[in-house]
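Here is a short briefing on one protein chain. Look at the sequence and the model first, then read the points below.

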Amino acid sequence: MPLLGDPDHHEMVERLTEIAGKLRTPSAILVISAHWEESVPTITSGPTRR
């Protein structure tokens with residue numbers, strides 16, 4: 001939602017921008033979504049870039 005420009009998310013966007021400037025470049029990114037339904041926990045992956 002913050003990427004959609006909703007004015008109610010202004011404070012969250014500012015905080016995330018502030019935090020991003022203090023972090024190192026990640027070696028990996030983990031995305032967890034509640035928008036996928038499986039009967040058991042399921043892991044999918046994509047290509048690794050280095």
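The residues that line the largest pocket divide into 10 nonpolar, five polar and one charged. This pocket belongs to a predicted model, and its volume is about 540 Å³. The points below take the pocket, the whole chain, the surface patch and the salt bridges in turn.

**Largest pocket**
- The lining of the largest pocket is made by 16 residues.
- Leu30, Val31, Ile43, Thr44 and Ser45 are the lining residues that lie nearest the centre of the pocket.
- Rolling a probe the size of a water molecule over the atoms shows where empty space is left.

**The chain as a whole**
- The chain has 50 residues, and 2% of them count as buried.

**Nonpolar surface patch**
- Met12, Leu16, Ile19 and Leu23 make a nonpolar surface patch of about 370 Å².
- Leu23, one of these patch residues, is found in the segment after helix H1 (10-20).
- Is Leu23 buried or exposed? Leu23 has a relative accessible area of 58%, so it counts as exposed, the cut-off for this class being over 50%.

**Salt bridges**
- Side chains of opposite charge can pair when their charged atoms come close.
- The structure holds two salt bridges.
- One of them links Glu18 with Arg15, and the closest N and O atoms of this pair are 3.4 Å apart.
- Both Glu18 and Arg15 lie in helix H1, where they are three residues apart, or about one turn of the helix.
- Glu18 also meets Lys22 in a salt bridge, with a distance of 3.6 Å from N to O.
- Through the partners that these salt bridges share, Arg15, Glu18 and Lys22 are joined into one network.

**Exposure of the network residues**
- Glu18 has a relative accessibility of 39% and therefore counts as partly exposed.
- Arg15 is partly exposed as well, because its relative accessible area is 43%.
- Which class does Lys22 fall into at 64% relative accessibility, buried or exposed? Lys22 counts as exposed, because the value is over 50%.

Definitions and conventions:
Residues numbered from 1 in each chain as written. Predicted model: local features only at pLDDT ≥ 70, side-chain atom pairs only at ≥ 80, totals over all residues. Heavy atoms only, no water. Buried < 20%, exposed > 50% of the residue type's maximum accessible area, 1.4 Å probe, protein only. Patch = residues over 30% accessible without salt bridge, like charges linked within 9 Å, V, L, I, M, F, W, Y side chains within 5 Å. Areas by Shrake-Rupley, 256 points an atom, 1.4 Å probe, with all protein chains shown as cover. Salt bridge = Lys/Arg side-chain N within 4 Å of Asp/Glu carboxyl O. Helix = DSSP H or I, 4+ residues; strand = E, 2+ residues; numbered from the N terminus. 1 Å grid on protein atoms, 1.4 Å probe; cavity = no way out; pocket = protein on both sides within 12 Å on 5 of 7 lines; lining within 4 Å. Points joined across faces, edges and corners; volume = space filled by probe spheres on them. Nonpolar A, V, L, I, M, F, W, Y, C, P; charged D, E, K, R; others polar.
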